[in-house]
Amino acid sequence: MSTLPGKKRAPFIVIEGLDRSGKTTQTSKLHSRLTENGIDATLVKFPDRTTAIGKMIDSYLRSTSELDDHAIHLLFSANRWELATTIEKLLLAGTAVVCDRYAFSGIAFSASKVDSTGAPLLPFEWCRDPDVGLPAPDLVLFFDITPEKARERGGYGEERYEKEEMQLRVRNFFRRIGEEMDGEAQSAGGTRWISIDAGREREEVEHDVWGLVEPLVTRGVDGPVGKL
Ligand code: T5A
Ligand code: NA
């Protein structure tokens, strides 16, 4: 049952960022802290590797299968559409949704893929299209980290995109998306995009995340769920 005042709905909060920036650590901390404070919250993660589509994504990421670049991009998006109605219903019922990666990862990673000459494989606009119409987050916390800091955390793993040059391109695309979002949010009252220095101690990052999220979940959000 919702604990929000009046006709307000709960907020949709996304934590985005580079690989090893601490998204999973902080989304799960945030979810527990909300619950401990008596606030209804659900934790969601993309890719959701448990669904049929998610299993195809998982084997692609672990390089046990090959897929056309367009096809895998559309699967990542389809994996979000599988949960779109659920997310919207939760928010309207007063349950905050905390999400570990979302459409911005979809765009930034696919747009960063290049051929052997360094030319982009997929146009930025094409990468954006399949996610148009998905529930829009009210707040995106972008976890920024340098490759040097990521390396200190045991470095990138074995998965397909966990290479330093790829991560640098992804970082630039995330910044471009953030700048565009900021402009739109100011005019249309849409998504707020806030960059967080994720290279610091866990407790410092947690403190900043809570400071941004707590007022939003307590106040609630007016109006319907936005659309990307
Ligand atoms: N992808 C994803 C797409 O291409 N398209 C899409 O549409 C989507 C949704 C897998 C890949 O898929 C791509 C992006 C990815 O390349 P994933 O499953 O989210 O995506 O990736 P994971 O491997 O699960 O997670 P990440 O590598 O992104 O790591 P996290 O979640 O950012 O970091 P976390 O919390 O697991 O922490 C990493 C390590 O650092 C430590 C942790 O204990 C852990 O060991 N750590 C810290 N150490 C020091 N200081 C801190 N502040 C720390 N915080 C955490
Ligand atoms: Na993660």
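This dialogue walks through a predicted model of a protein chain with a ligand.

Visitor: Where do I start with a predicted model?

Guide: Start with confidence. The protein chain averages a pLDDT of 93. At least 70 is reached by 95% of the residues. For the complex, the predictor gives an ipTM of 0.97 and a pTM of 0.95.

Visitor: What pattern does the protein chain follow along the sequence?

Guide: Count the elements, then read their order. There are eight helices and five strands. The order is β-α-β-α-α-β-α-α-β-α-α-β-α.

Visitor: What radius of gyration does the protein chain have, and what would a compact globule have?

Guide: Compare the value with the one for the chain length. A compact globule of 228 residues would have a radius of gyration near 17 Å. The protein chain has 17 Å, so the two agree. Along the principal axes, the C-alpha trace spans about 55 × 35 × 35 Å.

Visitor: How many of the residues count as buried?

Guide: Of the 228 residues, 36% do. Take the contacts with a separation of 6 or more: 79% of them join residues 24 or more positions apart.

Visitor: How do I read the strand pairings?

Guide: Begin at S2 (residues 41-45), which runs parallel to S3 with five bridges between them. There, leucine 43 stands opposite valine 98. S3 also pairs with S1 (residues 12-17), in the parallel sense, over four bridges. Isoleucine 15 has aspartate 100 of S3 as its bridge partner.

Visitor: Which strand do five bridges join to S1?

Guide: That is S4 (residues 139-144), and the two run parallel. Isoleucine 13 faces leucine 139 of S4 in this pairing. S4 is in turn joined to S5 (residues 192-197) by six bridges, again parallel. Phenylalanine 143 stands opposite isoleucine 196 there.

Visitor: Is strand S3 largely enclosed or exposed?

Guide: Check each residue of the strand. In S3 (residues 96-100), five of the five residues are buried, so the strand is largely enclosed by the rest of the structure.

Visitor: Which way do the residues of S3 point?

Guide: In a regular strand, side chains alternate between the two faces of the sheet. Ala96, Val98 and Asp100 point one way from S3. Val97 and Cys99 point the other way. All of these residues are buried.

Visitor: Which backbone angles deserve a second look?

Guide: Most residues other than glycine have a negative phi, and most peptide bonds are trans. Look for departures. Arginine 20 has a positive phi, near 70°. Serine 63 also has a positive phi, about 60°, and is not a glycine.

Visitor: Where are arginine 20 and serine 63?

Guide: Both places are loops. Arginine 20 is in the loop between S1 and H1. Serine 63 is in the loop between H2 and helix H3 (69-92).

Visitor: Is arginine 20 buried or exposed? And serine 63?

Guide: Count C-beta neighbours. Arginine 20 counts as buried because 22 of them lie inside 10 Å. Serine 63 has 10 other C-beta atoms within 10 Å, so this residue is exposed.

Visitor: Which residues does the cis peptide bond join?

Guide: Check omega. The bond between phenylalanine 46 and proline 47 is cis, with omega about 0°. Proline 47 sits in the loop between S2 and helix H2 (52-61).

Visitor: What does glycine 226 touch?

Guide: Set aside residues up to four places away in sequence. Then glycine 226 touches Ala136, Gly190 and Thr191. Glycine 226 is in the segment after H8. Its 17 C-beta neighbours inside 10 Å make it partly exposed. Now compare sequence with space. Glycine 226 and phenylalanine 12 are 214 residues apart in sequence, yet 9.8 Å apart from C-alpha to C-alpha.

Visitor: Which residues come nearest to ligand 1?

Guide: List the shell, then pick out the nearest members. There are 21 residues around ligand 1, and Gly22, Thr24, Thr25, Gly106 and Phe109 come nearest.

Visitor: Which helices supply at least two residues of that shell?

Guide: Helix H1 (23-36), helix H4 (103-111) and helix H8 (202-219) each do.

Notes
Residues are numbered from 1 along each chain as its sequence is written. Chains are lettered from A and ligands numbered from 1 in the order in which they are written. This is a predicted model: local features need pLDDT of at least 70, side-chain atom pairs count only at pLDDT 80 or more; totals for chains, interfaces and linings use all residues. pLDDT is the predictor's confidence in each residue, from 0 to 100. A residue is near a molecule or strand if its C-beta atom, placed from the backbone, lies within 6 Å of it. The radius of gyration is taken over C-alpha atoms; the globule rule is 2.2 Å times the number of residues to the power 0.38. A residue is buried if 20 or more other C-beta atoms lie within 10 Å of its own, exposed if 12 or fewer, and partly exposed in between; C-beta atoms are placed from the backbone. Two residues are in contact if their C-beta atoms, placed from the backbone, lie within 7 Å. Two strands pair if DSSP finds at least two bridges between them.
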